[in-house]
Amino acid sequence: MEGQAFTWDLTDLYQTPREPSWAADLNRGVERARRLQASYKGADLSLLSPAAFFQALKEYESIQEEGIKPFLYASLLFSEDSQNDEYKTLLQKAKEQWNELENQLLFFRLALISLPPEKLQEFLSHPPLKAYQHALRFLRRFRPFTRGEKEEEIFSRKNLTGRSAFTTLFDEFTGAFSFRLEAEGEEKELTGSQMLSLLYSSDRSLRERAFRTFLKRHGDNHLVLGSIFNALILDAQVEDDLRGYQGPMHRIHLENEIRPEAVELMMEVTEAHYPLAREYFQVKACLLGLPKLVNFDLYAPLPSSPKKIPFEEARSLLLQSFQRFHPIFGRIAGEFFEKRWIDTPPRKGKYGGAFCTGMTPSLHPYILLNYTGNLRDVLTLAHEMGHGIHFYLARKQTLMNFDPPLTLAETASVFGELVMSQALLREERDPTVRLALLCIEVEDMIATIFRQNVLTRFEQQAYQSRRDHLLSSEEIGDLWWKANARLFGDSVEMIPEYRWGWAYISHFIHSRFYCYSYIFGELVSLALFQKYQEEGPPFLNRLIRLLERGGSGSPHELLKKAGIDIGREDFWEKGFRVIRQLIDELKSLGPWDRICVGSTS
Ligand SMILES: [Zn+2]
């Protein structure tokens with residue numbers, strides 16, 4: 001890899017997209033699913049012996065594991081060049097076949113859900129089935145809310161013209177928005193996500209014009225956007241009522257395996273810490289030389305932007321700091337670079353941002369980055385490497401136990417980021433770099449914890465009010481404004497166009513009440529980090545075990561084994577202590593009269 005750009009090597013999967021085994025694997029998956037259907041559809045799984053049931057379950061799992069490989073390969077190729085027509089066709093074909101395979105397997109999933117409890121108990125006492133205890137019990141929990149096969153079919157067919165028609169309308173409608181804006185002396189035509197990325201610009205007037213223009217367009221289209229939002233809330237209410245769920249969050253809590261009381265407690269503790277976020281906003285205003293932040297300043301970079309870090313340097317920083325943290329982290333991270341499981345340079349047609357794909361237990365993970373050398377990129381590398389290590393370790397599990405629950409999915413990534421930023425802080429003498437690092441860390445935490453809390457509170461309010469009447473766009477705007485004002489208080493001014501800020505959040509459209517799992521995940525990770533700081537290295541073996549367990553238990557069970565009890569009230573406080581420390585550290589970097597731009601005191 002000397003001297004050349006770090007691109008990934010996908011030949012562990014297939015030599016080329018045209019390799020015959022790609023299409024063969026794709027067809028074999030569907031073929032195997034058809035055979036499973038022929039053997040078991042209509043048959044009563046509870047009549048099987050435990051050994052025969054185990055065999056059927058293994059087959060079901062293995063079909064999915066083998067069948068998803070060509071799809072994952074096509075997705076990776078497409079993400080590195082979405083303008084390549086060959087990749088586009090390949091991905092489309094893989095998608096269709098994968099859907100077909102999933103449809104063929106749906107009957108088996110429904111059969112698992114409807115296993116009678118006594119039978120399930122009996123199966124689970126058969127030793128080879130013990131490993132599936134959590135997965136099978138999890139499915140069973142949806143039994144009271146699952147309707148007969150005919151009704152399920154009606155739900156799913158009517159969804160095409162109901163729920164999913166509205167989400168598609170939202171995506172296509174807002175995806176077609178283009179914005180004219182003067183930037184760097186020329187008139188440009190920009191997409192929505194390009195407009196939002198201007199919030200990270202150092203040019204204040206550009207940030208302001210971009211945000212105002214972006215929001216105003218959503219306001220101009222409030223009739224459509226408000227109507228979609230109303231329809232989706234009502235649709236969820238109707239389906240929840242028909243299925244027997246109690247309240248709009250019931251189903252989501254079941255999926256996340258979290259008790260509603262735990263979520264409510266977490267949100268209340270978060271609200272009690274809103275002043276912490278406000279304290280940071282004041283520090284940031286001072287750093288930007290402003291009397292007060294306006295909400296287009298929240299992500300502005302500091303005036304003295306620090307040096308660039310070449311990728312080679314970032315790589316050795318990462319390897320050193322991970323090795324020092326735990327040899328297993330160091331060894332696995334090393335493997336990612338040596339074996340080229342990571343793609344770093346930005347290219348035309350490549351996906352923006354960064355991600356880590358966990359793949360399956362029989363395949364190793366891959367990481368995609370757009371590394372340009374700023375500090376945020378270095379932390380993103382550490383974040384995605386954390387995900388990579390988590391998936392790598394979880395390969396000890398089988399597919400049904402592989403993916404960590406949503407709420408624990410960020411554990412290793414948050415650790416990775418903190419390990420890296422602490423190493424940088426230890427070695428960096430330049431105060432501007434230290435300031436910038438701390439700001440990035442705190443801002444990420446504010447966005448993942450406090451902002452998501454605001455989003456969830458707003459959503460709760462909207463669902464509650466919609467029970468009673470159709471919501472006007474004005475009313476939605478009021479609810480949104482109030483939820484945000486509770487966080488910002490006097491510390492941040494909102495521009496009037498921000499009334500339309502609710503109208504572009506795609507989580508509200510695609511997966512309702514998703515946002516609270518971000519708060520949960522981040523606070524759990526910070527609490528684990530706090531525990532590591534208290535207990536030192538002995539804690540790390542428990543962390544490694546937690547990561548190795550993947551998704552083989554509920555968040556509660558997995559964390560309990562790591563020595564964390566999320567039922568305890570003081571638990572949620574722990575994460576906020578880490579944020580407190582970072583803000584204190586930031587404040588200790590004074591003297592503020594010299595650091596704050598334009599300060600005269
Ligand atoms: Zn992540």
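Leu169 is partly exposed, with a relative accessible area of 39% (buried means under 20% relative accessible area, exposed over 50%, and partly exposed in between, with a 1.4 Å probe and protein chains only). This leucine belongs to helix α7, residues 163-175 (helices are DSSP runs of H or I with at least four residues, strands are runs of E with at least two, and both are numbered from the N terminus). Together with Leu223 and Val224, Leu169 makes a nonpolar surface patch of about 270 Å². The model is predicted, so local features need pLDDT of at least 70 and side-chain atom pairs count only at pLDDT 80 or more, while totals for chains, interfaces and linings use all residues. Residues are numbered from 1 along each chain as its sequence is written, and side-chain values use heavy atoms, with hydrogens and water left out.

Aromatic rings come next. Across the whole structure, a search finds 47 aromatic pairs (rings of Phe, Tyr and Trp, the last by its six-membered ring, pair if their centres lie within 6.5 Å; planes under 30 degrees apart count as stacked, over 60 as edge-to-face and the rest as tilted). Phe229 and Phe458 form a stacked pair, because their ring centres are 6.0 Å apart and their planes stand at 10°. Phe229 sits in helix α10 (residues 222-243) and Phe458 in helix α18 (residues 431-466), so the pair ties together parts that are 229 residues apart in sequence. Both Phe229 and Phe458 are buried. Ring pairs also link these two into a cluster with Phe211, Trp480, Tyr498, Trp500, Trp502 and Phe508.

Another helix, α17, covers residues 411-427. Of its 17 residues, 14 are buried, so α17 is largely enclosed by the rest of the structure.

For Glu184 the angle is about 50°, and for Met359 about 60°. Glu184 is placed in the loop between β1 (179-183) and β2 (186-190), whereas Met359 is found in the loop between β5 (355-357) and β6 (366-368). With 70% relative accessibility Glu184 counts as exposed, while Met359, at 8%, counts as buried.

Finally, Thr11 lies in the segment before α1 (20-40) and counts as partly exposed at 33% relative accessibility.

Methods: Expected span 1.5 Å × (residues − 1). Patch = residues over 30% accessible without salt bridge, like charges linked within 9 Å, V, L, I, M, F, W, Y side chains within 5 Å. Areas by Shrake-Rupley, 256 points an atom, 1.4 Å probe, with all protein chains shown as cover. Salt bridge = Lys/Arg side-chain N within 4 Å of Asp/Glu carboxyl O.
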